[in-house]
Structure formats: C-alpha cells, structure tokens
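Here is a short report for a reader meeting this structure for the first time. Keep the sequence and the 3D view at hand while reading.

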Amino acid sequence: MTSGATIPQSSRPWLNATALLIASFVAVAALSLQVRAGSEVVAVAFPPWWSAQHAMLAAASADAALVRTTAISSLLVVRPGEHDGSARLREAGAWLIIDPQAVSACFAK
C-alpha cells in the first residue's frame, strides 16, 4: 500500500444506518404481524383510500364475517370463510392479512 493512498469515504454516512434501521423495522414487523396457524379471526388491511363501506363490501364479497371495525376505516377484523378465506380476501383487494391481536392496541375504536 502506498503512503499517499486514502480510503474513499461515503459522502452520506447516515444512509447506511438509515437503510439498516428500515430493514430491521420491516423484519420485526413482518414477524410480529404474521397470522398464527389456525387463527379463526384476522385483521385485514385494504387500500387506505377506500371508505369503510367499500372495505366492508369487499370483505363480504370474500365471504368473510365482520367481527369489528377499527379507528382506520380500511382496516377490519374479520372471520374468513372456510375454504381459502385468505386467498379470497386478497382477490377482493386486501393488501395485508395480519394478526388482530398485534394491531388491537394501536387501532382500537
């Protein structure tokens, strides 16, 4: 190594730390919000611009029974139908299907 060589430094040292923070947050959220196997009730997140009526109609079209609403109109707690309930909810427009206990404290109405 020559004595005059320098190691190039990033012009944005905070960028790596921010990327690591976001990746960690996403990983923890993905693990904690997973629906447990055999769950009868799930929380369903529809697009945020949907009205409560639109979200309820979409859940009903997927043969899911409404259990309760939340403070966010596009986030519902439902009981999916017997066969392929999660797949039908996704076809009806659901973005996420998550554990209702994980969101109950944050979005209770």
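## Model and confidence

This is a predicted model. The mean pLDDT of the protein is 81. A score of at least 70 is reached by 79% of the residues.

Helix α2 has the highest mean, at 91. Helix α4, residues 100-107, has the lowest, at 67. Where pLDDT is low, the predicted coordinates should not be read in detail.

## Overall layout

The protein has 4 helices and 4 strands. Read from the N terminus, the order is α-β-α-β-β-α-β-α. The protein has 109 residues, and 27% of them count as buried.

Residues 24 or more positions apart account for 64% of them.

The largest nonpolar core has 15 residues. V42, V44, F46, L76, V78 and L89 have the most contacts inside it. At least two residues of this core come from each of β1, α2 and β3 (75-79). The most come from α2, which gives 3.

What does L76 touch, leaving out residues up to four places away in sequence? Its contacts are V42, A43, V44, F46, A55, M56, A59, L66, R68 and T69.

A second core is separate and has 6 residues. L75, V77, I98 and V103 are among them.

Three alanines of α2 are buried: A55, A58 and A59. Seen down the helix axis, the buried residues of α2 fall within an arc of 100°, so they line one face. An α-helix has 3.6 residues a turn, so residues three or four places apart point the same way.

What do the buried residues of α2 pack against? Their partners are β3 and α3. On the other side of α2, Q53, L57 and S61 are exposed.

## Aromatic pairs

A pair of aromatic rings is described by the distance of the centres and the angle of the planes. The model holds 2 aromatic pairs. In one, the ring centres of F46 and W50 are 5.4 Å apart and the planes meet at 15°. Planes under 30 degrees apart count as stacked, so the F46 and W50 pair is stacked. Both F46 and W50 are buried.

The other pair is W49 and W95, with ring centres 5.4 Å apart. Their planes stand at 75°, so this pair is edge-to-face. It links distant parts of the chain, 46 residues apart. W49 sits in the loop between β1 (42-45) and α2 (52-61). W95 sits in the loop between α3 (85-91) and β4 (96-98).

Are these two tryptophans exposed or partly exposed? W49 is exposed, with a relative accessible area of 64%. W95 is partly exposed, at 49%. The cut-off explains the labels: exposed means over 50%.

## Loop residues to look at

S74 lies in the loop between β2 and β3. Is S74 buried or exposed? Its relative accessible area is 5%, so S74 is buried. Setting aside neighbours within four places in sequence, S74 contacts V44, A45, F46, P47, P48, W50 and A55.

Phi of D63 is near 60°, a positive value in a residue other than glycine. D63 counts as exposed, at 52% relative accessibility.

E82 belongs to the loop between β3 and α3. E82 is exposed, with a relative accessible area of 77%. How far apart are E82 and A64, C-alpha to C-alpha? The distance in space is 9.0 Å, and the two are 18 residues apart in sequence.

Note on methods. Residues numbered from 1 in each chain as written. Predicted model: local features only at pLDDT ≥ 70, side-chain atom pairs only at ≥ 80, totals over all residues. Heavy atoms only, no water. Phe/Tyr/Trp six-rings, centres within 6.5 Å; stacked < 30°, edge-to-face > 60°. Buried < 20%, exposed > 50% of the residue type's maximum accessible area, 1.4 Å probe, protein only. Core = buried A, V, L, I, M, F, W, Y, C linked by side-chain atoms within 4.5 Å. Contact = heavy atoms within 4.5 Å. Arc of directions from axis to C-beta. pLDDT = per-residue confidence, 0-100.
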